[in-house]
Amino acid sequence: MHNIIIPQSNTNDTEVFIAEWKFKDNDLIKKGDHLFSIETSKVVEEIFAEYTGYLKIQSEEGSRANVGETVGFIAEDKTDAKISNKNLEKKNIIFTKKAK
């Protein structure tokens, strides 16, 4: 499993707004898919997956998250996407962002 962590944006904001998830819990996502969008005080950024697997969302659309905070994870197996947050392995997802 790979944690999805809020990246440091091009601004120096420490908190972001999760504007939109492009997938739902347990959806199969593929490497390169646009996972979600975040808003900072100055820009909207798109976050892309670097792994293929099943999505588990921990922070919903409309919520705020701190840079470095885990907002979801990608599981290799659909069953694993349904486990509790306490059982997560600590692998960080590598992702790319693209400013709008």
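A residue is called buried when its relative accessible area is under 20%, exposed when it is over 50%, and partly exposed in between, with a 1.4 Å probe and protein chains only. The structure is a predicted model, in which local features need pLDDT of at least 70 and side-chain atom pairs count only at pLDDT 80 or more, while totals for chains, interfaces and linings use all residues. Residues are numbered from 1 along each chain as its sequence is written, and side-chain values use heavy atoms, with hydrogens and water left out.

The protein has nine strands and zero helices, where strands (E, at least two residues) and helices (H or I, at least four) are DSSP runs numbered from the N terminus. Along the sequence this gives the pattern β-β-β-β-β-β-β-β-β. Of the contacts (heavy atoms within 4.5 Å) between residues at least 6 apart in sequence, 64% join residues at least 24 apart.

Of the 100 residues in the protein, 39% are buried. The accessible surface, calculated by the Shrake-Rupley method with a 1.4 Å probe, comes to about 5600 Å², and carbon and sulfur atoms account for 44% of that surface. A nonpolar core is a set of buried Ala, Val, Leu, Ile, Met, Phe, Trp, Tyr and Cys residues joined through side-chain atoms within 4.5 Å. The largest such core has 16 residues, of which I4, I6, W21, L35, F36 and V71 touch the most other members. At least two residues of this core come from each of β2 (15-21), β4 (34-39), β6 (53-57) and β8 (70-75).

The structure also holds three salt bridges, each defined as a side-chain nitrogen of Lys or Arg within 4 Å of a carboxyl oxygen of Asp or Glu.

| Salt bridge | N to O distance |
|---|---|
| R64 and E15 | 4.0 Å |
| E20 and K22 | 3.0 Å |
| K56 and D25 | 3.5 Å |

In the salt bridge between R64 and E15, R64 belongs to strand β7 (residues 64-66) and E15 to strand β2, so the pair ties together parts that are 49 residues apart in sequence. E15 itself is partly exposed, at 39% relative accessibility. For the pair E20 and K22, both partners are partly exposed, E20 with a relative accessible area of 34% and K22 with one of 37%. The salt bridge between K56 and D25 links distant parts of the chain, with K56 in strand β6 and D25 in the loop between β2 and β3 (28-29), 31 residues apart. D25 is likewise partly exposed, at 32% relative accessibility.
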